[in-house]
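Hello,

Here is the structure for your files. My notes follow below it.

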Amino acid sequence: MAELMDYKCPACSGALEFDPATQKMLCPFCGSSYDMEELREKDAQAGEWTSAKAEEWDDGNVAVYRCESCGGEIVGDETTAATACPFCGNPVVMAGKVSGEFKPEFVLPFQLEKKEAEQKLKQYLGKKKFAPGAFLRENRIKEIRGLYVPVWLYDSDIHAAASFEATRKRTWTQGDTEYTETSYYDVYREGDMSFANVPVDGSTKMPEDLLESVEPFDFGKAVPFQTAYLAGYLADKYDVSMETGAARVNERMQKSAEDTLRKTVKNFDSVNSRSTQIQLLRGVAKYVLYPVWMLNTVYRGETYTFAMNGQSGKFVGNVPVDGGKLGGLFAGVAVGSAAVLFVLGKLLGMI
Amino acid sequence: MNKKLLSCLLAFTLCCVFAFSAAAVNVRTFVADVAPPFEENYDFDETVPEGETFVLYGEADDPAQVPAQAPSSETDTPQEKSPVKAVLICCVIGLVIALIVVLSVKSSYKPVRRRSDAAEYLVDGSLQVTASNETFIRSDVSERTIENKNTNA
């Protein structure tokens, strides 16, 4: 048996959901709202809020739950931590998936609502003039999901060593000859630096490039984890281990360490990197949930996924390009710039 | 489908440019090497006296009548500016500009990509350089003759 949690309104027994606008739990039925701190206290007093043992049976990677509200079946996979009943829409949290070793330390609550994600998509596509007309006209959002993505945040102190090849140029003229002297130097730098809250995607279901494209998230607005924040949203537990994620964070830190040390190489005309090594002095990871709005659209049988940072509203997604429109742009720019160049050449007497 | 169309368009445009360039070069080479310069053989300022017939130098009976041709020198006459060449250069530059614009537009439609660095997460003021070394390896000297811009003056 697994524990399914849902938050019922004490006034009308409707299912409460977390409201990004007020940062409170809101009852969509009677409009009552409850402060998160108040909820935390009530969380401690078991019984006031619904925390029912639900039926669960595992069938390989699929877990099936029975909704306490309508009795409908809620199907999730082994990583699903929060979802909604497909029959009555009752938001539920699989408490077992966010407890013990899977309990996040912090959560960044959603600050933007679903309607804002829809507006952002319209604005985003409105700027994509070279997308196929049918894609823009017939664009139908197939699905919008508010998803809490499991993320590992790494705090690290590193020691980095980098070597560069740098050149310095000196030019002088003697008679009708211009001389250029290029001097080559071996440059070496070592230094210590610290990184804080470098995120790595903790879910194999969330495309890593999509999550990294909506960065950065402001960790300053993170709050200690509370199950209630998941009410009304989807959530997954991590299935990428902290050790696996460390390889990715090292890759990113190494590049930044190289760039940072390169900036200390001054008074040269060119600086090229030869090698960089980093050594981890201290590393700490914490498990956090990040808010992301996911939007799916379908065009010619292909699914296009867009993501919006649930905090800042940064919106990204790949859009198809119309070959005809792009060809027109190519021809227009080619002819236009050639004509401008020709006229300029004539005016300046070069032609 | 879109990629194919774009590739075809690019290939077609480039083929056209190369074909025109090659044709223009061939015509210019023929004019310069094979056909003699028109002005060198005929003096249009010379008036033909009455009763005399105008004899083309090429058809003169006595080869001695043919004046010795002064050796043509490019420095003697100002260099002519070829509009065909200028148009071709403008077209090529226009195509390169268009290609850059199209590629940048195309890449802006695919903004989803992995991040290569973690610069945003570097703690401000945390960098402490512990070793710094710059070793001179070698130096090369290259020379270039400066072109005199007042040659034609």
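L26(A) stands opposite S33(A) in β4(A), where strands are DSSP runs of E of at least two residues and helices are runs of H or I of at least four, numbered from the N terminus. This is a predicted model, in which local features need pLDDT of at least 70, side-chain atom pairs count only at pLDDT 80 or more, and totals for chains, interfaces and linings use all residues. Residues are numbered from 1 along each chain as its sequence is written, and chains are lettered from A and ligands numbered from 1 in the order in which they are written.

Strand β3 (residues 24-26) of chain A pairs with β4(A) in the antiparallel sense over two bridges; pairing requires that DSSP finds at least two bridges between two strands. Both belong to an open sheet of three strands, ordered β2-β3-β4 (chain A), with antiparallel pairing. Its edge strands, each pairing on one side only, are β2 (17-19) and β4 (33-34) of chain A.

On the contact between the chains: 61 residues of chain A and 56 residues of chain B take part, counting residues whose C-beta atoms, placed from the backbone, lie within 7 Å. On the side of chain B that touches chain A, two or more residues each come from α1 (2-33), α3 (83-108) and β1 (128-145) of chain B. β1(B) gives the most, with 18 residues.

Strand β13 (residues 177-201) of chain A runs antiparallel to β1(B), joined by 16 bridges. Within this pairing, Y188(A) stands opposite N133(B).

Regards

Notes
Two residues are in contact if their C-beta atoms, placed from the backbone, lie within 7 Å.
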